[in-house]
Amino acid sequence: MLRIVVYLVTAAFLLFPSPQAAVAQTGQERKAIKLDAGAYDAYVGQYELSPDFVITVRREGNGLSIQATGQPKIEVFAESETKFFLTAVDAQITFVKNEKGEVTHLILHQNGADQNAKRIISTSTAPPAGQSAGSTPGGVRSPVEVTVPIEPTPFKGDGKTHLAYELHLANFDSSAMTLTRLEVSGGDGKPLAKYEGEELKARLGRQSVQPVAYLWLTFDKPSAVPAVLHHSLTARSNAGAGQNDRPEIKIKDLEIKVRTGKQLVLSPPLRGDGWLAGNGPSNTSGHRRALIAAGGAEHIAQRFAIDWVQLREDGKTWVGDQLKNESYRAHGAEALAVADGTVVAVKDGIPENIPGATSRAVPITMETVGGNHVILDLGQGRYAFYAHLQPGSLRVKLGDKVKRGRVLGLVGNSGNSTEPHLHFHVSNKNSPLSSEGLPYVFDSFEVQGKGWGWKPSGKDSPVEKRTLEIPMQDSVVRLAVP
Ligand SMILES: [Zn+2]
């Protein structure tokens, strides 16, 4: 109801970022050679140059292509068994193997600099060790490519630890296939999840073209989260008659790493009681599924976004005239800096909407979708986005350094919003939608209840104190800023 809807945009493509001006040069004359098919297969996967800049290497008909985060796919040509070159820009790639012959990283040579990118995902085409060839006729087929926009980072909510991430599937086989089973296990082979039938369907988006599997794994304790996740995908070809009699074939084995490191601890962006975490973290919320194509790649910036509305004693968000923004409890609440940071984007001057599902004061575009907003750079590739603020209410300007708890602006109903609320999320770039949403936790908050329409049962309604957690979808919480 309050979610930011999906917009398709075309942005100017960039080439690989370079410290100098990116001038495409032809460089020296290079000759392409042809390698055996198996040699190309060995390099397929994802390579991380930095946490938010990943190079995806894919198998194409005649060789390989590479695609960097937010950039178009580029064909690369082999000049030796391990060295490839680009023609679109003057850059080369060397794949590096360990003594066992496994590809561990690549080196990007560009503008006179060499940058290492470690392999974070390999899409092996070989059956896993110990698997007999007979168990999957033809072994593991490889025409299906699987990419992971961002590996999962564990976060805590409702007392448990969660991993939320997606697999993007693309079928390059001559016939269509139906995914029939998806199994996830830990690095030690311990099964974690198995989805088939309706369970699988519920986790798939866009089933006809390039399906996306939305995964959400829950663990009782942080220590139960494995360091790597192994995925086994099984499908059945749709070609020909009697397709249900066709054997299932294993189409992909995929291993991905779980991100480790310190979790992002923030103080809440609001204070007071009765705050409902609308469209908050869950595997089915509008934010979770808001896959947006922007800048040549698809992103879910809103993966862990929350639309904060404030409930009254009667369980409603408003009193009096429902068509007036002033009638809503959230309207005019102070949006607060969740940590020390620098203001790296501001937008003001967008009038507020009349509350209602379809009444927008301005046409909704990439420019106006978030309404009046502020983006705070929290450091280490984390950006906090505050959307839908009141026009003229911004208390900060571009470049301001702010301390945690500082008032940034007032909650309003501008942009793609149906009633006064604060849309808040954290992502990995200074871009509200062309970025990947990252999990965060609040130092503390109190859970008062759950769900739209929730009413306190009395003056001393019991509350549950939570520390270092994110409020989950539809939790009603009391937020305090230290
Ligand atoms: Zn939202």
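In strand β17, alanine 235 finds its bridge partner in isoleucine 249. This pair belongs to a predicted model, in which local features need pLDDT of at least 70 and side-chain atom pairs count only at pLDDT 80 or more, while totals for chains, interfaces and linings use all residues. Residues are numbered from 1 along each chain as its sequence is written. Strands (E, at least two residues) and helices (H or I, at least four residues) are DSSP runs, numbered from the N terminus, and two strands pair if DSSP finds at least two bridges between them. Strand β16 (residues 228-237) and strand β17 (residues 249-257) run antiparallel and are joined by 8 bridges. On the β12 side, 9 bridges join strand β12 (residues 177-186) to β16, again in an antiparallel arrangement. Here arginine 181 stands opposite threonine 234 in β16.

Two hairpins deserve a look as well. Strand β6 (residues 91-97) runs antiparallel to strand β7 (residues 103-110), with 7 bridges between them, and isoleucine 93 stands opposite leucine 108 of β7. The hairpin formed by β6 and β7 has 5 residues between its strands, and glycine 101 in the turn shows a positive phi of about 85°. Strand β7 is also joined, by 6 bridges, to strand β8 (residues 113-122), and this pair is antiparallel. Histidine 109 faces aspartate 114 in β8. Between β7 and β8 the hairpin has 2 residues, and asparagine 111 in the turn has a positive phi of about 50°.

For the chain as a whole, there are 2 helices and 32 strands. Of its 482 residues, 40% count as buried, a residue being buried if 20 or more other C-beta atoms lie within 10 Å of its own, exposed if 12 or fewer, and partly exposed in between, with C-beta atoms placed from the backbone. Contacts are defined as pairs of residues whose C-beta atoms, placed from the backbone, lie within 7 Å. Among contacts between residues at least 6 apart in sequence, 66% join residues at least 24 apart.

Confidence is expressed as pLDDT, the predictor's confidence in each residue, from 0 to 100. The chain averages a pLDDT of 84, and 87% of the residues score at least 70. Residues 1-27 have pLDDT below 50, and this stretch has 51 contacts in the model beyond near neighbours in sequence. Over residues 124-138 the pLDDT likewise stays under 50, with 16 contacts beyond four places in sequence.

Turning to the interior, a nonpolar core is a set of buried Ala, Val, Leu, Ile, Met, Phe, Trp, Tyr and Cys residues joined through C-beta atoms within 7 Å. The largest such core has 48 residues, of which Leu270, Trp308, Ala335, Leu376, Ala384 and Tyr386 touch the most other members. Strand β26 (residues 382-389) supplies the largest share of this core, 6 residues. Apart from it lies another core of 25 residues, including Ile150, Met177, Val225 and Ile256. Leucine 376, leaving out residues up to four places away in sequence, touches Ala337, Gly341, Thr342, Val343, Tyr383, Ala384 and Val402.

Isoleucine 55 sits in strand β2 (residues 53-60) and is buried, because 21 other C-beta atoms lie within 10 Å. Beyond its neighbours within four places in sequence, isoleucine 55 is in contact with Tyr47, Leu49, Ile66, Ala68 and Ala117. Isoleucine 55 and isoleucine 66 are 11 residues apart in sequence, with 6.4 Å between their C-alpha atoms. Isoleucine 364, by comparison, is found in the loop between β24 (341-347) and β25 (372-379). With 17 other C-beta atoms within 10 Å, isoleucine 364 is partly exposed. Not counting residues up to four places away in sequence, isoleucine 364 touches Val369 and Asn416. Isoleucine 364 and glycine 415 are separated by 51 residues in sequence and by 6.8 Å in space, C-alpha to C-alpha.

Finally, two loop residues carry positive phi values. Glutamine 380, which is not a glycine, has a phi of about 55° and lies in the loop between β25 and β26. Glutamine 380 counts as exposed because it has 10 C-beta neighbours inside 10 Å. Aspartate 474 has a positive phi near 65° and is placed in the loop between β31 (464-469) and β32 (475-479). Aspartate 474 has 17 C-beta neighbours inside 10 Å and so counts as partly exposed.

How values were computed: Two residues are in contact if their C-beta atoms, placed from the backbone, lie within 7 Å.
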